[in-house]
Amino acid sequence: MSGRVVAVANRLPVRRTAAGGWEISPGGLVSALAPILRDSGGAWIGWSGVPDDHPEPFVHDGIAQHAVPLSAAEYADYYLGFCNSSLWPLYHDAIREAEFRPDWWEAYRSVNRRFAQAVAAQHDPGDLTWVHDYQLQLVPALLRRLQPNARIGYFLHIPFPPVEIFARLPWRRQILSGLLGADVIGFQTERSLGNFLAAAERFTDAVVGRRALAVGGRWVQVQCAPISIDTAGYEALAAQPRVRRRAAEIRAEIGRPARILLGADRLDYTKGIDVRLLALERLLEQQPRLAEEIVLIQIASPSREPIGDYEAMRARIEQLVGRINGSHGAAHTVPVHYVYGNLPTEELVAYFVLADVMCVTPLADGMNLVAKEYVASRPADEGVLLLSEFAGAAAELEGALLVNPYDLEGLAAAMAAALEMSPGEQAARLRAMRTRVRLHDVHAWAAHCLGALEHPEMPQGEVAEELTGPAVEAARYRPSGEPGPPDALEAFDEITATLRYRPVVVFLDFDGTLSPIVEDPDAAVLPARERKAVEALARRVPVAVVSGRDLEDVQRRVGIPGLWYVGGHGNALADPAGAVVGDTAGIGTDSVTDLLDTAEADLRRRLQGADSGVVIERKRASLTVHYRRAPHSLRRVREAAEATVASLPELRLSAGRALFELHPGDAWDKGTAVRWLLGRISPDRGAVPLYLGDDTTDETAFRAIAADGIGVLVGRVAVGTAAGYRLGERRHVADFLNRLAKLAAREDGGSPDDR
Ligand code: G6P
């Protein structure tokens, strides 16, 4: 890792001891990040877990700890309120009603702001800042405002809900923009990732691809990165003689039952502890003699107790335990052993070692690490994992017995099947799962997430194609601050040196280069400054205007006589006398007209009822569909255009700024046109082509002249551009052309009309 890694989470990795000191709080995230933070000289920013606690920054276990204080009121409104009574139930499929209160939201915003400020205050350039979980969803965008060049990762540990549920959140847009401040957003499952993309598509201006979004001129990468555990650590603990002794001790304490089922959860209504108790009860009703043979140990660690739903769940569980033990227990047998409290990791592993059947039955769960911890703690290849299909872990742990926790009969039957599973089958299933958690442990997870943050992968191929139109505009650019090709004005001496004593032919794109991009493509004009500059230059050197517009259209808009013109991406060319030249075979012929008629009818039919901002423009040699005024229709437009092209094999599809272009497959592009014109204008003099353009379609020209010419990209720096220079802003185009005109005049010895 080249920079420091700074972790930002609601809680610090340490907690207060009774004596007021600090101890490490065990957990997967802590074990994964601690060595990385230590080695990179990083820091952890989080809450101490105690309201009104204001510790100064300190170092624990080699890691700088920056506590963000929460007042008692914020503990109530931010933590118990917005985090755990609004977001937590909502994100877990709304299995409890989410309560929304503006004062809770205000507290959430203000605590998120405090976290962002705490991060910004100790930010160093080069830091990789990694923000965690649903408590801090606004931090990425808030931090970006304070530190625009920060590299920010975000990981959501809990599920991202389906869009219909997420839509209920009154502050859904704010939450999404908060997250979109990150460079990389990680999710536990493909399902969560898909839900997030659907929400972003519906509620933000982002253009959404499969693995990235384009928003506000930036890329945001998204990834599915299931979190894991310190597998080797659990395997080692489970093999410890003292842990195995402790397991035997516990077995004796509970009367040496023939079979032990285990549940180990935070006491949360999402975990389905009640469901599993009900299923056990059902099983005991069906097979009463099992009460003599089996025991369920339920470990429940206290959590968020001031919240009514948690309190109610605890009461319900304890009542169920009493009921089952009352009706199925006897003097010497107790079917359910209930352990309420926080167990040290070692003690927990002793329970894993002991358990024949591990019951993990949440109604909804981001991942569920207990399932993975159990797998790692079973070196003897015996044991069955009963796993809810609604836990993120179900996507990975194929060897588990998958259950639907809403199906009580099914769950009881699965418990019975688990108790009866043959040793051979147990071993085969466990081995497959152990291989998985060994290969994908928490260290691999952290490396995967931080790797994406450190080395952003710009969307390519399929993904880049997904992100066409406004996204090309927004997304084909490098993150701000990253170097691109040199500025053409700053490097003007270098350009002068290339051009010295050699003729030059200047090619100029129209929209976005000579003329500002406007909402209505029909409203584009050539402003006076650019007009003057082009006129001055054209008195000295050959100038061609190269456009995707129809030839007559661009000629009319520019209106400067004596220039070469290229229309329709090269499908029609005119010389300075206005005569149409070039070998643009087929254009205007009946067959092309028929083809475009058919395509137009087909496309109009497919886009019937689309947003009125979607405009189909018929050109002489192509059909263009614009969606600048209806960016949300991107997907619909793309699918329609693709379908039309698929139905007419002579057609090709290309994408430009907020548009798709359908044109005959053998059509020229700007690159072909530039090479053809160059041959025509300077058949033997070896003129240097100089091309200014801003769009993806101009890249064909940049590539065509890369070996012998000068390409100048206008606007922000496109990823993978073939241009050798850039002009950061369009208004510098006129300055650049004026300097070129002066240079040409000097080289000419100043005679006004000699070219
Ligand atoms: C879940 C959340 C974590 C949270 C943990 C404990 O796993 O994803 O962010 O820290 O529960 O909850 P608590 O409210 O005690 O922090």
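So, how many salt bridges does the count come to? By the rule I'm using, which is a side-chain nitrogen of Lys or Arg within 4 Å of a carboxyl oxygen of Asp or Glu, the count comes to 51 salt bridges.

Quick housekeeping before we look at any of them. This is a predicted model, so local features need pLDDT of at least 70 and side-chain atom pairs count only at pLDDT 80 or more, while totals for chains, interfaces and linings use all residues. Residues are numbered from 1 along each chain as its sequence is written, and side-chain values use heavy atoms, with hydrogens and water left out.

Okay, salt bridges. Take Asp53 and Arg16, whose side chains meet at 2.9 Å, N to O. That pair links distant parts of the chain, 37 residues apart: Asp53 is in the loop between strand E4 (43-47) and strand E5 (58-60), and Arg16 is in strand E2 (residues 14-16). Helices (H or I, at least four residues) and strands (E, at least two) are DSSP runs, by the way, numbered from the N terminus.

Are these two buried or exposed? I call a residue buried under 20% relative accessible area, exposed over 50%, and partly exposed in between, with a 1.4 Å probe and protein chains only. Asp53 is buried at 12%, and Arg16 is partly exposed at 27%.

Next one: Glu396 and Lys372, with a salt bridge at 2.7 Å, N to O. Glu396 sits in the loop between strand E17 (384-388) and strand E18 (401-403) and Lys372 in helix H13 (residues 369-376), so the pair ties together parts that are 24 residues apart in sequence. Glu396 counts as buried at 11% relative accessibility, and Lys372 is buried too, with a relative accessible area of 0%.

Then there's Asp597 with Arg618, a salt bridge at 2.7 Å, N to O. Here Asp597 belongs to helix H22 (residues 590-606) and Arg618 to strand E24 (residues 615-618), so this bridge ties together parts 21 residues apart in sequence. Asp597 is partly exposed at 38%, and Arg618 is partly exposed at 29%.

And if you like networks, have a look at Asp511, Asp522, Arg549, Asp553, Arg556 and Arg557, which are linked by salt bridges.

Now the ligand. Which residues are around the ligand? We have Arg11, Tyr79, Trp88, Asp133, Tyr134, Gln135, His157, Ile158, Arg266 and Arg304, where being near takes a heavy atom within 4 Å. By class that shell has 4 nonpolar, 2 polar and 4 charged residues. For the classes, Ala, Val, Leu, Ile, Met, Phe, Trp, Tyr, Cys and Pro are nonpolar, Asp, Glu, Lys and Arg are charged, and the others, Gly among them, are polar.

For the polar distances, an oxygen atom of the ligand lies 2.5 Å from a polar side-chain atom of Tyr79. There's also 2.5 Å between a ligand oxygen and an N or O atom in the side chain of Asp133. For the side chain of Gln135, the distance from an N or O atom to a ligand oxygen is 3.1 Å. The protein covers 70% of the 370 Å² of accessible area that the ligand has on its own, using the Shrake-Rupley method with a 1.4 Å probe.

Staying with Gln135: this residue is in the loop between strand E7 (128-132) and helix H4 (139-146), and it is buried at 9%.

Last topic, strands. All 8 of the 8 residues of strand E14 (residues 294-301) are buried, so E14 is largely enclosed by the rest of the structure. Ile294, Leu296, Gln298 and Ala300 point one way, and Val295, Ile297, Ile299 and Ser301 the other way. Strand E13 (residues 259-266) runs parallel to E14, with 8 bridges joining them, and Arg259 stands opposite Ile294.

Finally, there's an open sheet of 8 strands with mixed pairing, in the order E23-E22-E21-E20-E19-E28-E29-E30; strands pair if DSSP finds at least two bridges between them. Strand E23 (580-581) and strand E30 (725-727) stand at the edges with a single partner strand each, so one side of each has no neighbour in the sheet. E23 is joined to strand E22 (residues 572-574) by 2 bridges, antiparallel, with Ala574 partnering Val580.

Key:
Polar contact = N/O pair within 3.5 Å; in protein donor to acceptor, adjacent residues only side chain to side chain.
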